[in-house]
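Keep the viewer open as you read.

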Amino acid sequence: MKQSTKCIRAGYSPQNGEPRQVPIIQSTTFRYETGEAMGKLFDLEAEGYFYSRLQNPTCDTVAAKICALEGGSAAMLTSSGQAASFFAIFNIAGVGDHVVSSSTIYGGTYNLFAVTMARMGIEFTFVDPNCSDKELEAAFKPNTKAVFGETIANPALVVLDIERFAKAAHAHGVPLIVDNTFPTPIMCRPFEWGADIVTHSTTKYMDGHGSAVGGAIVDSGNFDWSAHAEKFPGLTTPDESYHGITYTEQFGQGGAFITKATAQLMRDFGAVASPQAAYVLNLGLESLDVRMRRHCENAQAIAEHLSTHPLVSWVSFPGLPSDAEHERASKYLPDGSCGVVSFGVNGGRAAAEQFMCELKIAHIATHVADAASCCLHPASTTHRQMSDAELESAGVKPDLVRFSCGLEDVSDLIADIDQALEAAAK
Ligand SMILES: *Cc1c(COP(=O)(O)O)cnc(C)c1O
């Protein structure tokens, strides 16, 4: 199936007389006729549902669709993108371990890694995604367990050289985890370039209507945990909290990672997606292919318009031929990148804030990737916890306006931007 077909068909095939839409199984528990049958589920010896903190049929159906779109071997939903990022790393790294991460990542993820997970005893080294091979090599330590980056960084719009980062990770016997939120699998499939695990904030384009916070983790099934067994004992040695099962033995290379994240992390942390939220996410997924193309088209037209605008100091959009990211974008994102354009308003920080107030169509919102256009000034909002030096290394200028192009008619959006730029310049 092509991607646009998978958006509608993957994960759920109703049989004769069954509902067209994915049923919302709004139930915490599931009934069994014998204690023994349920015992087998508890021991992960049989497949089935017993408690929705671990797994729920509606959530699994939607996860299967995302898995098919990414071309993975297994997937799970989480309550948010933050939970997905946390689980993806914590599933293979613990106290005393180390992770290499791109420095240009979402502000919330940076905080999760640099502050909260650091407090759990996991050390992160942040590298410029455009660093030299030597600098990238120097970031690894004997206790490194993973490499992390974003396909297109939010909000810096830096495109990760997935192949290069995957090669470096694999040379050190660890997986590359890629947050593919901005392009979605419609515009880029990181597994095709060597990434091993993909994470998503489904809150963004996948949902696409500002309706439901959510996340997803997808495993490619390509990383051979057993070949690096000494680095990943959680996957390759018996889990005493699960009656001594060994995930790689019982669930194979394609199933071990997601089964462990579900059976252990979801059991203990409970960051579960609700069936209602999964249903809403699935409605968004059905139109993802059509919407992504329109988001990208609108962003391309707006970026081109802004790039010659006298009241705009700079524009960053991977689709612009003059953009520093254009070459990598042409390789990894040949059909379009995303709907987010970053730019600087003449007059700096104050002018940027005034510009946003003058907009009549686009909302000011802590959100991107929505059918409704919205914009944000990261330096005073999402990234306000960062120092100027940290902002610089995250690729966020103080005058940066992040404009998320929605699905409105692009001529209306451009007219709105033009009047706001003129009003802000007065
Ligand atoms: C929003 C976002 C997140 C966090 O997702 P939530 O669903 O808000 O928890 C992670 N990564 C990227 C790239 C994001 O844009």
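A nonpolar core here is a set of buried Ala, Val, Leu, Ile, Met, Phe, Trp, Tyr and Cys residues joined through side-chain atoms within 4.5 Å. Buried means under 20% relative accessible area, exposed means over 50%, and partly exposed is anything in between, using a 1.4 Å probe and protein chains only. What you're looking at is a predicted model, in which local features need pLDDT of at least 70 and side-chain atom pairs count only at pLDDT 80 or more, while totals for chains, interfaces and linings use all residues. Residues are numbered from 1 along each chain as its sequence is written, and side-chain values use heavy atoms, with hydrogens and water left out.

With that settled, head for the largest nonpolar core, which has 102 residues; L77, I89, L176 and I217 touch the most other members. The top contributor is helix α10 (residues 247-269), which supplies eight residues. Helices (H or I, at least four residues) and strands (E, at least two) are DSSP runs, numbered from the N terminus. The core also takes at least three residues from each of domain 1 (10-282) and domain 2 (288-424); those bounds come from an automatic or database domain assignment.

Zoom in on I217 for a moment. Contact means heavy atoms within 4.5 Å, and once neighbours within four places in sequence are set aside, the partners of I217 are A74, A75, M76, T78, A84, F87, A88, I197, V198, F257 and I258. There's also a second, separate core of 27 residues, with A299, F343, I417 and A424 among them.

Now zoom out to the two domains. The centres of domain 1 and domain 2, taken over C-alpha atoms, are 29 Å apart. Across the boundary, 34 residues of domain 1 are in contact with 39 residues of domain 2.

Next up is the ligand. A residue is near a molecule if one of its heavy atoms lies within 4 Å of it. Of the 14 residues around the ligand, N154, D179, S201, T203 and K204 come nearest. Polar contacts are pairs of N or O atoms within 3.5 Å; within protein, one must be able to donate a hydrogen and the other to accept it, and residues adjacent in sequence count only if both atoms are side-chain atoms. T203 uses an N or O atom of its side chain, 2.6 Å from an oxygen atom of the ligand. G81 works through its backbone instead, with an N or O atom 2.9 Å from a ligand oxygen, and a backbone N or O atom of Q82 also sits 2.9 Å from an oxygen atom of the ligand. On its own the ligand has 380 Å² of accessible area, and the protein covers 92% of that; accessible areas come from the Shrake-Rupley method with a 1.4 Å probe, and for residues only the protein chains shown count as cover.

P155 lies in the loop between β4 and α7. Follow the chain on into helix α7 (residues 162-171), where I162, R164, F165, A166, A168 and A169 are buried. Their cover includes β3 (123-127), α6 (133-139), β4 (144-150), β5 (176-179) and α13. After α7 comes G173, with a positive phi near 70 degrees.

Is E325 buried or exposed? E325 is buried, at 7% relative accessible area, in the loop between β8 (312-316) and α13 (326-332). Leaving out residues up to four places away in sequence, E325 touches N130, L157, V158, V159 and P318. A polar atom of the E325 side chain lies 2.8 Å from the backbone nitrogen of V159.

Finally, some backbone angles. Most residues other than glycine have a negative phi, and most peptide bonds are trans. L44 isn't a glycine, yet its phi is positive at about 60 degrees; L44 sits in the loop between α2 (35-42) and α3 (57-70) and counts as buried at 17% relative accessibility. T184 also has a positive phi, near 60 degrees. You'll find T184 in helix α8 (residues 184-187), buried at 0% relative accessibility.
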